[in-house]
Amino acid sequence: MSLYRLPLKWSIFFSLAIFSIIVLGVLWFFQIGMLNTFYRTIKTSDVQQNTDTITSIIDNPELDSYIEVMSYREDMSIVIISDTGAVIHKYLRQPSILGALSDSEYLSYYNEAKSNDGSYLYFIQSDSLAVNGLNDSSLSTEVGVENLIYAKIIKNSANEELAIITESSVTPMPSLFSVAVVTALVISCGIVFLTLTITIFLTKKVAKPIESLTTSAMDMASGDADVVFKGDGFKEVIALTDALNYASKQISVVEHLRRELLANVSHDLRTPLTLMKGYTEMMLDIPEEVTPENLQIIVDETERLTNLVNDMLDLSRMQSGDLVLNFTTFDIIALLNEIVKRHSALLSRMGYSIKLESDDSLWVYADELKISQVIYNLLSNAINYVGEDKLVIVRAITRDNNVRIEVIDHGIGIDVDKISHIWDRYYKSDNNHIRGVVGTGLGLSIVKNVMTLHPGAIYGVDSSIGAGSKFYIELPIAKGDENDEIYE
Ligand code: ADP
């Protein structure tokens with residue numbers, strides 16, 4: 001089974017355990033397994049270096065005391081002989097192989113070195129000393145110990161040939177071996193302790209928070225929209241926690257909107273349908289009730305239903321990107337005049353008035369039908385939320401290179417907290433419309449979507465509670481008047 005399929009804490013533990021075993025293996029191999037080899041190599045090199053040192057001071061009158069100190073300090077036996085085999089200096093360690101050799105045997109090392117380019121290195125096991133006839137009682141060398149004998153031919157300042165013959169043990173002392181074992185044991189315990197500590201630390205900082213996040217995610221999946229993710233520790237875990245909390249918040253917003261949408265849609269569809277059913281049944285039961293007024297109510301409600309369904313379709317097409325705008329260059333002031341005129345007659349009968357403040361003509365390159373829908377929606381809202389003055393002002397001005405259309409009322413205004421939500425689909429404030437008309441909550445969402453689809457367009461609102469609202473849209477002024485081609 002792959003390590004990554006295990007729970008994170010076991011994965012961490014096994015990874016660290018494998019790492020520790022490798023480290024311990026390497027440690028024991030080099031510290032204990034290779035101790036003899038390393039010691040032998042270092043000791044051999046030391047003996048050769050010491051021989052070189054003696055060579056460099058061979059003519060020094062203090063040579064004798066130097067050699068004595070070196071022999072004692074480096075635990076070496078040192079013998080210097082002439083080319084006739086006469087011993088010139090001799091300092092022996094205890095026990096010593098060199099001590100058991102005769103002058104003629106020194107001479108044989110001299111000759112070996114001579115025939116070997118001036119130096120001769122020889123390793124000898126203490127067990128094999130007997131074979132060489134050196135097993136006499138004066139030679140109390142330990143069994144199983146390896147020694148080296150190194151002979152080197154040198155010349156002094158009088159150009160006489162001499163041989164430095166040195167001897168040293170290349171087997172580490174048992175105490176050194178014990179120190180190495182104890183050191184390796186202490187380091188091993190440290191590594192095991194560190195492995196456990198790091199496992200516990202990482203489990204606490206990574207595995208535990210992830211487990212808790214998983215549990216919360218499962219809760220969220222099973223429908224708990226208010227779940228709060230709690231995760232602390234590493235930066236990534238905190239970032240994941242934040243992302244999940246954000247996702248959870250968004251999901252609850254979407255869930256809220258979904259419920260609201262269902263409630264709104266069913267309410268919006270049911271009201272006209274109930275009215276139409278009621279009137280139709282009434283007219284079926286009482287033939288005198290078949291009056292133009294009652295029929296008009298049914299026509300109005302049908303129209304309302306059609307508008308609602310069209311709005312919903314438009315919005316979803318705009319949001320899915322399916323709606324292709326039909327751009328033309330048109331006079332937006334003329335469009336404004338027409339919309340205002342259409343409303344004025346009806347509104348003046350109800351005591352409302354619309355004031356239009358505009359230039360003569362301003363040309364824009366946009367989808368005329370969609371822009372008229374935008375203006376219509378803003379105007380309907382202004383009328384629905386009109387103030388006591390029952391006045392709606394529609395103003396067209398030029399600003400920079402834009403034409404800006406403002407629709408102003410002096411009604412209830414919009415709360416600062418709610419201003420960012422009014423552009424959302426199906427958002428309706430709790431306030432009842434002044435005219436008691438039931439809104440769909442789609443009007444401003446359509447405004448937002450249409451304006452977003454127009455390059456360079458701006459939309460927004462300035463509003464304060466009690467003082468009224470000023471909704472505005474801005475479109476870039478077309479530079480070529482009625483010439484469509486230059487914009488394509
Ligand atoms: P509705 O059909 O409810 O009017 P809209 O999308 O047109 O839907 O508007 C969304 C909300 O914005 C409204 O419910 C209302 O709270 C607020 N609103 C829009 N226009 C005005 C206005 N002129 N004055 C005050 N509030 C407004």
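**Domains.** I kept in mind that this is a predicted model. I looked up the domain assignment, which gives domain 1 (3-33 + 177-217), domain 2 (35-172), domain 3 (235-317) and domain 4 (325-476). I then checked the C-alpha centres of domain 3 and domain 4, and they are separated by 22 Å.

**Helix H1.** I asked how far apart the end C-alpha atoms of H1 (residues 8-33) are. They lie 35 Å apart, which agrees with the 38 Å that 26 residues should span at 1.5 Å a residue. Next I listed its buried residues, among them Ile12, Leu16, Leu24 and Leu27. Helix H2 (35-56) and helix H5 (174-221) are included in what covers the buried residues of H1.

**Helix H7.** I repeated the length check on H7 (residues 292-320): its 29 residues should span 42 Å, and the end C-alpha atoms are 41 Å apart, so the two agree. Its buried residues include Ile298, Leu305, Leu308 and Leu315, and also Glu301, Asp311 and Asp314. Just past H7, I noted that Gly321 has a positive phi of about 80°.

**Helices H9 and H11.** How do the axes of H9 (residues 368-384) and H11 (residues 443-453) cross? I found that they come within 9 Å and cross at roughly 145°, and the crossing is left-handed. On the H9 side I noted Ile371, Val374 and Leu378 among the contacting residues, and on the H11 side Leu444, Ile446 and Val447 are among them. By class, this contact has eight nonpolar, four polar and one charged residues.

Note on methods. Residues numbered from 1 in each chain as written. Predicted model: local features only at pLDDT ≥ 70, side-chain atom pairs only at ≥ 80, totals over all residues. Heavy atoms only, no water. Axes fitted to C-alpha atoms, helices over the stretch in contact; angles between N-to-C directions. Helix = DSSP H or I, 4+ residues; strand = E, 2+ residues; numbered from the N terminus. Left-handed = near helix turned anticlockwise from the far one by under 90°. Contact = heavy atoms within 4.5 Å. Nonpolar A, V, L, I, M, F, W, Y, C, P; charged D, E, K, R; others polar. Domains from an automatic or database assignment. Expected span 1.5 Å × (residues − 1). Buried < 20%, exposed > 50% of the residue type's maximum accessible area, 1.4 Å probe, protein only.
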